[in-house]
Amino acid sequence: MKRQFLTTVSILALAGTASAADLPRAMPMKAPAPPVVSWDWTGFYLGVNGGLLWHKGSYDIVDTVPEELTGSATKAGGTVGGQIGYNWQLQNYVVGVEGDLNWVGASATLNGSAFATSTFTSKLTWLSTIRGRGGILIDPRTLLFVTGGVAFGGVENDTNISGGSSDHSTRTGWTAGGGAEYKITDHWSAKAEALYVDLGKKTVPGFFGPGYAGTFKSTEIISRLGVNYKW
């Protein structure tokens, strides 16, 4: 009896082992896929910028010989400020509007400008633009854009002729340029841009003495870097 019992147990154990060997192996678990970053450009943004500016102030004394009584003064300076705007992304294209306000430190002086002992000084103290922007995404994180719109600036023109004359006023003109912007994260981006600004012409009677009106023009070339935060 005992021998029969041991034989039966051995047969059952071998059968169980064979059945376990026939069971399918468990499938290996795959690691979860990394999250997909959308790089969405649509939304409001706010940022800061800074860079270099080349200011050119030119003059023309009206009703005199232009070759002898025209001139200009050019000076490089610094600029720093902030911008706010909104972008719309349309597949691989981005369009938007941006406004900025910058402090400027650029004062140019020309000695012997109109007459032998005269001095002409042109200074730009602040600059603001309202511009449209439009560009193409060369990859989901990199935008190449062009921009243009209206510009406003605080221009100061001074001379020492006839005891000194000054015209400090806000000028209005236009601006155009372009640049590139790169998304560091979905909310933060960095940009580089260049702008040309023309603040138009203004005529000031008697600026260079009685009977001598001065016509002035101010232009700017700007190269700057910026950082934006998008909501």
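Trainee: Which residue does lysine 202 form a salt bridge with?
Mentor: In this predicted model, lysine 202 pairs with aspartate 167, and the closest N and O atoms are 3.0 Å apart.

Trainee: Where do those two sit in the chain?
Mentor: Lysine 202 is in strand β7 (residues 188–204) and aspartate 167 is in strand β6, so the link joins distant parts of the chain, 35 residues apart.

Trainee: Is lysine 202 buried or partly exposed?
Mentor: Lysine 202 counts as partly exposed, because its relative accessibility is 27% and buried means under 20%. Aspartate 167 comes out at 10%, so that one counts as buried.

Trainee: How many salt bridges does the structure hold?
Mentor: Nine. Arginine 131 and glutamate 98 make one of them, with their side chains meeting at 2.5 Å, N to O.

Trainee: What parts of the chain does that pair link?
Mentor: Distant ones: arginine 131 belongs to strand β4 (residues 119–139) and glutamate 98 to strand β3 (residues 93–111), 33 residues apart.

Trainee: And are arginine 131 and glutamate 98 buried or exposed?
Mentor: Both are buried.

Trainee: OK, what about arginine 224, which side chain does it meet in a salt bridge?
Mentor: Aspartate 100, at 2.8 Å from N to O.

Trainee: Why does arginine 224 count as buried?
Mentor: Because its relative accessibility is 6%, and the cut-off for buried is under 20%. Aspartate 100 is buried as well, with a relative accessible area of 5%.

Trainee: Let's zoom out. Which elements make up the chain?
Mentor: One helix and eight strands. Reading from the N terminus, the order is α-β-β-β-β-β-β-β-β.

Trainee: What do the eight strands form?
Mentor: A closed barrel, running β1-β2-β3-β4-β5-β6-β7-β8 with antiparallel pairing. From one strand to the next, the twist averages 20°.

Trainee: How many bridges join β7 to β8?
Mentor: There are 15, and the two strands run antiparallel.

Trainee: Which residues line the largest cavity?
Mentor: Trp41, Tyr45, Asn87, Glu181, Lys183, His187, Ser189, Asn228, Tyr229 and Lys230.

Trainee: Which elements give two or more residues to that lining?
Mentor: β6 (165–183) and β8 (214–230). β8 gives the most, with three residues.

Trainee: How does the lining divide into nonpolar, polar and charged?
Mentor: Three of the lining residues are nonpolar, four are polar and three are charged.

Trainee: Last one: what share of the protein chain do buried residues make up?
Mentor: Buried residues account for 38% of the 231 residues.

Definitions and conventions: Residues are numbered from 1 along each chain as its sequence is written. This is a predicted model: local features need pLDDT of at least 70, side-chain atom pairs count only at pLDDT 80 or more; totals for chains, interfaces and linings use all residues. Side-chain values use heavy atoms; hydrogens and water are left out. On a 1 Å grid over the protein atoms alone, a cavity is a set of points where a 1.4 Å probe fits but cannot get out, and a pocket is an open set with protein on both sides within 12 Å along at least five of seven lines; lining residues have an atom within 4 Å of a point. Helices (H or I, at least four residues) and strands (E, at least two) are DSSP runs, numbered from the N terminus. Ala, Val, Leu, Ile, Met, Phe, Trp, Tyr, Cys and Pro count as nonpolar, Asp, Glu, Lys and Arg as charged, and the others, Gly among them, as polar. A salt bridge is a side-chain nitrogen of Lys or Arg within 4 Å of a carboxyl oxygen of Asp or Glu. Buried means under 20% relative accessible area, exposed over 50%, partly exposed in between (1.4 Å probe, protein chains only). Two strands pair if DSSP finds at least two bridges between them. Axes are lines fitted to C-alpha atoms, for helices over the stretch in contact, and angles run from 0 to 180 degrees between N-to-C directions.
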